[in-house]
Amino acid sequence: MTFLDKLRAAERRNGSLLCVGLDPEPTKFPAHMKGDARRIYDFCAAIVDATADLVIAFKPQIAYFAAHRAEDQLEKLMEHLRRNAPDVPVILDAKRGDIGSTAEQYAREAFERYGADAVTLSPFMGFDSVAPYLRHEGKGAFLLCRTSNPGGDDLQAQRLADVDGQPFLYEHVARLAQGPWNLNGQLGLVVGATYPAEIERVRALAPTVPLLIPGVGAQGGDAVATVRAGWRADAPIVVNSSRAICYASDGEDFAAVARNEAIRTRDGLEQAKP
């Protein structure tokens, strides 16, 4: 089963567009775990177990593990996901962007060491920074396209004078992901929820690729506008919420409260479908 097949199956089975981001920050943990980086696995596994039947995907952010020397806990978490939520795709949020043998090693890290189903990539070194990931059969890669940070305008909203029609850079990335770069249907795009009009533009340029859409929840993205702009029956969207779900409670009931927030968010996304 390819990554895209797995994504579509999870959407149907769980009735969900919601992706729960796993960004473990020990200073934000519940009181009985607070500040203890040794509890990263315990915290994330509890969130996974509470929400696995509600999501289209999980998205662990590798930096939150690496900063605490917790890569071993990430490996353990990935094993937990494969064992307890085997039908839920896992997107490793790494935003890698290198070429040649280095890119090959990053691909091995994502797909062989951690066993991720997909990975996030920066495409701005060109196709040879993406190609090594596509050699891993059935795996996926989400290319940064129109990100939600204000500084994204510095590059993504600049026009390309040498390309027909002088598109914005993010428009050009969308076309490449829909067309010549997407050799085996493995590519998706990252588009921030804070720009619904641009989600709609990306969807027009890339009508069949999956979109990973962060920014709903604590970052203030409009869930209804996001779904209406990006969702199509034959092209999944993966709407990520991290902090609003994972840190919904600082008590021992944190997993139960996270589940309630995930249900609320999932249902809101479903109701927003056109």
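User: What radius of gyration does the protein have, and what would a compact globule of 274 residues have?

Analyst: The model is a predicted one. A compact globule of 274 residues would have a radius near 19 Å, and the protein, at 18 Å, agrees with that. Along the principal axes, the C-alpha atoms fill a box of roughly 60 × 45 × 35 Å.

User: How many helices and strands does the protein have, and what share of its residues is buried?

Analyst: The secondary structure consists of twelve helices and eight strands. Of the 274 residues, 55% are buried.

User: Let us turn to helix pairs. At what angle do α2 and α12 pack?

Analyst: A helix pair is read from its axes, then from its handedness, and then from the residues in contact. Helix α2 (residues 40–51) and helix α12 (residues 254–271) have axes 9 Å apart and pack at about 45 degrees. That angle makes α2 oblique to α12, and the crossing is right-handed.

User: Which residues make the contact between α2 and α12?

Analyst: From α2 come F43, A46, I47, A50 and T51, and from α12 come F254, A255, A258, R259 and A262. By class, this contact of α2 with α12 comprises eight nonpolar residues, one polar residue and one charged residue.

User: Are α9 and α10 roughly parallel or oblique to each other?

Analyst: The crossing angle decides this. The axes of α9 (residues 196–205) and α10 (residues 223–230) come within 8 Å and cross at roughly 15 degrees. α9 is therefore roughly parallel to α10, since angles under 35 degrees count as roughly parallel. The crossing of these two helices is right-handed. On the α9 side, P196, I199, E200 and R203 take part, and they meet A225, T226, A229 and G230 of α10. This contact of α9 with α10 holds four nonpolar, two polar and two charged residues.

User: At what angle does α9 pack with α8, and how far apart are their axes?

Analyst: α8 and α9 pack at an angle of about 35 degrees, and their axes are 8 Å apart. The crossing of α8 and α9 is right-handed. Y170, E171, A174, R175 and Q178 of α8 form the contact with E198, R201, V202 and L205 of α9. The residues of this α8 and α9 contact divide into four nonpolar, one polar and four charged.

User: Now for single residues. Is A272 buried or exposed, and which residues does A272 contact beyond its sequence neighbours?

Analyst: A residue is read by its location, its accessibility and its contacts. A272 lies in the segment after α12. A272 counts as buried because its relative accessibility is 3%. Apart from neighbours within four places in sequence, A272 is in contact with A223, V224, V227 and R228. For one of these, A223, the C-alpha atom is 7.7 Å from that of A272, although the two residues are 49 apart along the chain.

User: Where does Y106 lie, and why does it count as partly exposed?

Analyst: Y106 lies in helix α5 (residues 100–113). Its relative accessibility is 28%, so Y106 counts as partly exposed. Leaving out residues up to four places away in sequence, Y106 touches R96, D98 and Y133. Y106 and P132 are 26 residues apart in sequence, with a C-alpha to C-alpha distance of 8.9 Å.

Notes
Residues are numbered from 1 along each chain as its sequence is written. This is a predicted model: local features need pLDDT of at least 70, side-chain atom pairs count only at pLDDT 80 or more; totals for chains, interfaces and linings use all residues. Side-chain values use heavy atoms; hydrogens and water are left out. Axes are lines fitted to C-alpha atoms, for helices over the stretch in contact, and angles run from 0 to 180 degrees between N-to-C directions. Helices (H or I, at least four residues) and strands (E, at least two) are DSSP runs, numbered from the N terminus. Angles under 35 degrees count as roughly parallel, over 145 as roughly antiparallel, 65 to 115 as roughly perpendicular and the rest as oblique. A crossing is left-handed if the near helix is turned anticlockwise from the far one by less than a right angle, and right-handed if clockwise. Contact means heavy atoms within 4.5 Å. Ala, Val, Leu, Ile, Met, Phe, Trp, Tyr, Cys and Pro count as nonpolar, Asp, Glu, Lys and Arg as charged, and the others, Gly among them, as polar. Buried means under 20% relative accessible area, exposed over 50%, partly exposed in between (1.4 Å probe, protein chains only). The radius of gyration is taken over C-alpha atoms; the globule rule is 2.2 Å times the number of residues to the power 0.38.
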